[in-house]
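Please keep the sequence and the structure open while reading.

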Amino acid sequence: MQQQAQVACAEPAVLARRFLEVRGRSEELVSTLAPEDMVVQSMPDCSPTKWHLAHVSWFFETFILKRHLRGYDPADPRFAYLFNSYYEAEGARHPRLQRGLATRPTVAEVMDYRRQVTQAMVRLMDEAGEDLWAELAPLLEIGLAHEEQHQELILMDILHLFSCNPLEPAFRPLMAGEARNAPALRWVPFEGGIHAIGHEGPGFSYDNEGPRHEVLLRPFELASRAVTNGEWLAFMEDGGYRRPELFLADGWATVQAQAWQAPLYWERRDGQWTAMTLAGRQPVIEAAPVCHVSFYEAEAFARWSGARLPTEAEWEVAAAGHVPEGNMAGSGHFRPRVAQDPGEGPCQLFGDVWEWTASPYGPYPGYRPPEGAIGEYNGKFMCNQMVLRGGCCATPEGHVRATYRNFFYPHQRWAFAGLRLARDA
């Protein structure tokens, strides 16, 4: 298991501190929500906030506490059924489509459950000797990254939930100071040849980020920034959603079946395009990156532009050496912001919007999933999904890397997903 070797030497004190920081961040994130906000499931792809908070606790309880803390007494044996997500090795689970029907346990009881798990984890880390820490470290790293993923999912799911509410409430107030002009798009050239991609060396990575391997690329160019709302409006005004020649067959069938005419959450009101955001409904800022579009729409836009989507290998080669910093959850904006272009190389690679690539999500050469239930984390989803790169405005700081591989089905739009263009040199 690759990540185990990479994180086993992490300082126990550092991991213990990170554990409390991540757990506390989840609770701060939901602190402005009412209990009523936390129990509703707005569509099958979403989960109630309450479920997310319980599930990440179930993860620590199942994979660490039950196996390593002597005498640990689970809060409620029924939670193993309610809060398992997709781990077949861990037994039966409540159907995903019915998570919103589980009004009990209450939000208060879920928060009590979190406290019990957090306190037990602290006790285990305090008592663990060197040998036990060697086992705990990789599991703890995965658990922390897993909870950070669910922090982003909470924001995605709350936005979808609030968009279904006629009152269109705001999750957080709008932060002022948005720039209004997007930098001119530049094409940044990259050499072809043999390049290495994938994670290796120190630091945490998911198993799907390796093994590191070589790929052969033709010379290519990458757009200096993400596609903007203004550029997407031009696509719409040119009949983009009414032109089957721009779409893949499955994409066109989806456009027709779902009656798509604009990105998710967009509505035209009083002659102006608006979008539902985590700050409530707001005017569309033309200079900001377009968001909440599917792979099908992104691929059609690229075709309309006379360009294409980058492959994930091209994206990673372009991002290598860039510090993974940008407009992420810590900024408090929770919406894509206008790019600030330094004039050299590509900008906005990290944060703002996940960027669709042209690459199907599959295993790298030589990939082997870890043994046991943890092996179900990534490997079994390597079919029928597409890779996205770079993180978004809802991704926690420090969570992503140049090698990080996110993945969604090509029709899905509720993620904070946009695109960046590429073309052959």
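A salt bridge here is a side-chain nitrogen of Lys or Arg within 4 Å of a carboxyl oxygen of Asp or Glu. By that criterion the structure, which is a predicted model, holds 30 salt bridges.

One of these salt bridges joins Glu200 and Arg212, with 3.8 Å between the closest N and O atoms. Glu200 and Arg212 both lie in the loop between β2 (193-197) and β3 (213-217), so the pair ties together parts that are twelve residues apart in sequence. Arg212, at 36%, counts as partly exposed. The two labels differ because exposed requires over 50% relative accessible area, while partly exposed covers the range between that value and the 20% under which a residue is buried.

Two further salt bridges can be located by residue number. Arg243 pairs with Glu245, and the closest N and O atoms of the two are 2.8 Å apart. The relative accessibility of Arg243 is 25%, so Arg243 counts as partly exposed. Glu267 pairs with Arg269, where the closest N and O atoms are 2.9 Å apart. Glu267 is partly exposed at 35% relative accessibility, and Arg269 is likewise partly exposed, with a relative accessible area of 33%.

Salt bridges also occur in linked form. Arg23, Glu27, Arg114 and Glu147 are connected in a network of salt bridges.

The cysteines come next. How many disulfides does a search of the whole structure find? The search finds zero. A disulfide is a covalent bond between the sulfur atoms of two cysteines. The cut-off applied to a pair of cysteine sulfur atoms is 2.5 Å.

Cys393, in turn, is in no disulfide; its nearest cysteine sulfur is that of Cys392, at 5.0 Å. Cys291 has 8% relative accessibility and counts as buried. Cys393 has 0% and also counts as buried.

Note on methods
Residues are numbered from 1 along each chain as its sequence is written. This is a predicted model: local features need pLDDT of at least 70, side-chain atom pairs count only at pLDDT 80 or more; totals for chains, interfaces and linings use all residues. Side-chain values use heavy atoms; hydrogens and water are left out. Helices (H or I, at least four residues) and strands (E, at least two) are DSSP runs, numbered from the N terminus. Buried means under 20% relative accessible area, exposed over 50%, partly exposed in between (1.4 Å probe, protein chains only).
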